[in-house]
Amino acid sequence: YNTSHTSTASFTLQTGLIGKNPVLWDPATGKCFTPQGSQSKGYQLEIEPSGMIWISSGALSSTAKPSGVYQVQPAGQSVLELKNEWQGKRLTDNSFTLDFAAYSTDGGNSYGEPEPVIGIFSRLSKQKYAGDLRLRFQVQADNPPSKCQLVLEQPAMYDSIQINRKDYHFNSNGFFVDHQFKTSDISGLLQKGANAIQFQLKFKPAIDTCRMAKDRFGTEIESIYLTGDFAVAAHQTSDKTDSQRNRTGDFKNRPVHQAKTFSITAEKDLLPGDISTNGYPFYAGAFELKQSFELPEKDKNKKYFLEFPDCESIVSIIELNGTVIDTLCWAPYKTDITRVLRKGRNDLKITMVNSLRNLLGPHHNVEGELVKVGPNSFAGAGGFPGGSGEADWYDLRKSGKKTKTWTDSYNYIPFGMLAPVRIITMSN
């Protein structure tokens, strides 16, 4: 097993544990091979980052059907680098996370400045407040969407909902991501410019010492979400490289994208490789990238591979000229395309799937991108796994004081091709 997430391990294995009938197994592909070498001279092996191989020499080897002789692959020669511009198409609705709201406890006569809803919950629970609560989420729409859904985690707890001061009845028509994330259609209700989505509810504070779950957790006010046919534009953006993830040295360095505010805007057909910074900072799902390229010549004495030098995706499904070639989930991020690659025009489609990280966060930790996450990673109170923090972080940020772990900026990570895709060749 290669413990490095960034470097290929090339080595000679010498051990008396291997018997007379060695077979090398690749669990990633389900294939097995006959290794070259011997106990005395050793076996030349290579394992990709985070990769694993098995070697057997007993009963398992006697029934194995090797696909050939195992060979360490030489470095390929690049013959073509594709443009990092793609025809983009999302395969699920886009999403917009709203986690700041203004609130009122005097029947809506006065509201403060918008602040994190998780902080509102903590403050009111600390004050042991019980009674009428109004929440007002603000949404800026540069281009109002034609299709839009409102997503609420516990819609039944709201006594009333208003969108732009008009009463709205939440009519659950399905769910988003989780069965508890209920959806209701609000198509046509968002207008150009500023929009307000307002809720009225009866708030009960959390009582940590209570044995009854309903009283122990109180009225859990949460983020709300919008989904639909739209892009999300990020404003006051920057990139952060000094993140907890990068400081470990265990992973390939990735920027953490940061933004102060967002607005709903129109989608674009042509996208650069990083999807997250081009309309999809909160997107969770599958995304289709397409482009065509010209191959001047195809040498029948060589193998051709599609290689992804730097991609950020949980799963990538590769399709070339109408044929699904491979599904890539781990290194090596390359696949043999010899049998379907042709001289002249070729049509490439890559379906990439990301995680829920950009949708659900944590978005507001000063460390940018975390490698250990617990409930307090979403707030500023500290505790597992971060340690430092302040119990009254929500009041500190409201008064303009610096907090140890909370930041109002949103942190989200790349999704897509961070470097151009290449076609490389190797001799048969």
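**Entry 1. Glu307 and Arg422**

I looked up the pair Glu307 and Arg422 and found a salt bridge, with the closest N and O atoms 2.6 Å apart. I count a salt bridge where a side-chain nitrogen of Lys or Arg is within 4 Å of a carboxyl oxygen of Asp or Glu. Glu307 lies in strand E26 (residues 302–307) and Arg422 in strand E34 (residues 422–427), so the pair ties together parts that are 115 residues apart in sequence. Helices (H or I, at least four residues) and strands (E, at least two) are DSSP runs, numbered from the N terminus. Glu307 is buried at a relative accessible area of 17%, whereas Arg422 is partly exposed at 28%. Buried stands for under 20% relative accessible area, exposed for over 50%, and partly exposed for the range in between (1.4 Å probe, protein chains only).

I note the basis of these entries: this is a predicted model, in which local features need pLDDT of at least 70 and side-chain atom pairs count only at pLDDT 80 or more, while totals for chains, interfaces and linings use all residues. Residues are numbered from 1 along each chain as its sequence is written, and side-chain values use heavy atoms, with hydrogens and water left out.

**Entry 2. Other salt bridges**

I searched the whole structure and found 21 salt bridges. One of them joins the side chains of Lys202 and Asp159 at 3.1 Å, N to O. Lys202 belongs to strand E18 (residues 193–203) and Asp159 to strand E14 (residues 158–163), so this pair ties together parts 43 residues apart in sequence. Lys202 is exposed, at 60% relative accessible area; Asp159 is partly exposed, at 45%.

I then examined Glu367, which forms a salt bridge with Arg247, the closest N and O atoms being 2.3 Å apart. Glu367 sits in the loop between helix H5 (357–360) and helix H6 (393–398), and Arg247 in helix H4, so the pair ties together parts that are 120 residues apart in sequence. Glu367 is partly exposed at 24% relative accessibility, and Arg247 is partly exposed at 45%. I also recorded a network of salt bridges that links Glu115, Arg123, Asp395 and Lys398.

**Entry 3. Arg245**

Arg245 lies in helix H4 (residues 244–247). Leaving aside neighbours within four places in sequence, I list the contacts of Arg245 (heavy atoms within 4.5 Å) as Phe251, Lys252, Asn253, Arg254, Glu369 and Val371.

**Entry 4. Cysteines**

How many disulfides does a search of the whole structure find? I found 0, taking a disulfide as a pair of cysteine sulfur atoms within 2.5 Å. Cys311 is in no disulfide, and the nearest cysteine sulfur, that of Cys329, is 11 Å away. Cys311 is buried, with a relative accessible area of 11%. Cys32 also counts as buried, at 5% relative accessibility.

I traced an open sheet of 3 strands in the order E3-E2-E6, with antiparallel pairing. Two strands pair if DSSP finds at least two bridges between them. Strand E3 (31–33) and strand E6 (54–56) are the edge strands, each pairing on one side only. The twist averages 30° from one strand to the next; axes are lines fitted to C-alpha atoms, for helices over the stretch in contact, and angles run from 0 to 180 degrees between N-to-C directions. Strand E2 (residues 23–26) is joined to E3 by 3 bridges, and Trp25 has Cys32 as bridge partner in E3.

I traced another open sheet of 3 strands, in the order E21-E22-E32, also antiparallel. Strand E21 (238–240) and strand E32 (410–412) stand at its edges, each with a single partner strand, so one side of each lacks a neighbour in the sheet. Here the twist averages 35° from one strand to the next. Between strand E22 (residues 256–259) and E32 I noted 3 bridges, with Asn411 in E32 as the bridge partner of Gln258.

**Entry 5. Strand E28**

I followed strand E28 (residues 315–320) to strand E31 (residues 344–353), its antiparallel partner through 6 bridges. A further 5 bridges join E28 to strand E29 (residues 323–328), again antiparallel. Ile317 has Thr351 as bridge partner in E31 and stands opposite Thr327 in E29. E28 and E29 form a hairpin with 2 residues between them, and Asn321 in the turn has a positive phi of about 50°.
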